[in-house]
Amino acid sequence: MVVETARRDHEEVAAEAAPAPVMTAPSPAPADAAAPASQTRSDPGAGLPQPQKPTPRRFRDLLALDDFERHAKRHLPRMVFGYVSGAVETGASLRAARDAFAEHRFLPRMFVDVSGRDQSVQLFGKHYASPFGIAPLGGAAFIAYRADLQLATAARDAQIPMILSGSSLISLEDVHAANPDAWFQAYLAGDQPRIDRLVDRVAAAGYETLVVTGDTPLLGNREHNIRSGFSMPIKMTPNVMLQSALAPGWLLGTVFRTYWKHGAPHFENTDAERGPPMMSKLVRNTKKRDELAWSHVEAIRRNWKGNLVVKGIMTASDARIAKECGVDGVILSNHGGRQLDHAVAPLDCLAEVAAEKGAMKVMIDSGLRRGTDVLKAVALGADFVFLGRPFLYAAAIGGADGVSHAVGILRAEIDRDLALVGVKRPQDLDASYLAPAARTRD
Ligand SMILES: Cc1cc2nc3c(=O)[nH]c(=O)nc-3n(C[C@H](O)[C@H](O)[C@H](O)COP(=O)(O)O)c2cc1C
């Protein structure tokens, strides 16, 4: 039963309990390091939303996005941490996505006036303070208390986009109320009337950007969930109870607090109607997802007046079809290594897809962790990037303040890296700023 449900279900579960902390600023760097993050960010030339409060003590050793993973691992039950961190089968897609960034090295330019740096970008007619946003994260509110709202408010305050997952546990209307600039991502079945009703709901709520994920006709083979005891619904085995008891912060601060204040979490946004409770034996209606086709995307395009984005694109030929369907943007993604194993690294397809983009925006996620990753993606043709896991870990250990802290770290890295590469804006980068790692080793 556990095996069946784990295989059947989607990006749902997770959990955490995070006392709501207070802060926004990046952590100080060691005394002998170059400019501390907070110093870099307060460069008046950066023109960024500035931190209001000093970095709380408990965030002070969170200096890079990978640090959030280490902290979250201590905070979450093993099965819940595994749900977030895990990948499918051999983990080849996960590794490939990350490793692809190491294949490129910078060719920095010297004696360039890089004062007045500006990392803001225009995307779909909106001004965003940084070239990155928060990827859709299903089941986030099982990892961190009311995570979707924490992510949404942190994104609003930081002036970056946040994409609400269709497998989320907070209603899309509530998230839009918290952040009217949030985007909505849908997992769709190949059932046009059902699609139309959901799209009408998303439009009525006021969303302006709809993301349709294409890489999930069914769930990838996440053996790690079965091994750790993670299933949907969670089966209360001795193993699961022991793991939960060993993570009291999560158990009390996310699970009990959620049930106490809001009742049983439901899959709120799978369809036009509210879905079943997360813990119920009723399985969400994921039928017919394997029937979703480009014809449905064309039909959505006719019905949906806002920006339409397709996520999970990996080839130039699919980008061409998306363009012919009238799609406004594509997100290159291998789903963070969570769907097809041995899938190509999104970064490796980026230049080819960007060459096909026409008026579309090309975005990318999977494996980005550093400001240098963001700049490499932009240099290879990305208009924008998204990150998933680091922001969920940040919500788990620090709520909205934790997410703001993570945003601040990445933003400070980008600002510093722009200066060191020798450009004032991400848009000034192109492939001439990169060399293949192999060449630099010659
Ligand atoms: C816990 C978790 C849940 C996710 N849920 C969704 C989802 O509901 N919809 C979706 O399109 N992608 C989902 N993804 C994939 C992310 O949107 C994104 O593609 C991926 O996390 C990017 O890789 P990164 O985590 O290395 O940054 C999920 C990823 C994680 C880690």
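Analyst: In this predicted model, eight strands form an open sheet with parallel pairing, in the order β4-β11-β10-β9-β8-β7-β6-β5. The edges are taken by β4 (132-134) and β5 (163-164); each has a single partner strand, so one side of each is left without a neighbour in the sheet. In general, the strands of a sheet pair through backbone hydrogen bonds, and the pairing is either parallel or antiparallel.

One pair within the order can be followed residue by residue. Strand β9, residues 329-332, pairs with strand β10, residues 361-364, in the parallel sense, and four bridges join the two.

Of the 442 residues in the chain, 53% are buried. Among contacts with a separation of 6 or more, 76% are between residues 24 or more positions apart.

Helix α3 (residues 65-75) and helix α16 (residues 389-421) have axes that come within 10 Å and cross at roughly 170 degrees. Because the angle is over 145 degrees, α3 is roughly antiparallel to α16. Their crossing is right-handed. On the α3 side, the contact is made by L65, F68, E69, H71, A72 and H75; α16 contributes P390, Y393, A394, A396, I397, A406, I409 and L410. By class, the residues of this contact comprise 11 nonpolar, two polar and one charged.

The other contact joins helix α8 (residues 192-205) to helix α12 (residues 294-303), whose axes come within 11 Å and cross at roughly 35 degrees. Here too the handedness can be stated: α8 passes α12 in a right-handed crossing. From α8, the residues in the contact are Q192, I195, D196 and V199, and from α12 they are H296, A299, I300 and N303. These residues divide into four nonpolar, three polar and one charged.

Notes: Residues numbered from 1 in each chain as written. Predicted model: local features only at pLDDT ≥ 70, side-chain atom pairs only at ≥ 80, totals over all residues. Buried ≥ 20, exposed ≤ 12 C-beta atoms within 10 Å, placed from the backbone. Contact = placed C-beta atoms within 7 Å. Axes fitted to C-alpha atoms, helices over the stretch in contact; angles between N-to-C directions. Left-handed = near helix turned anticlockwise from the far one by under 90°. Nonpolar A, V, L, I, M, F, W, Y, C, P; charged D, E, K, R; others polar. Pairing = 2+ DSSP bridges. Parallel < 35°, antiparallel > 145°, perpendicular 65-115°, else oblique.
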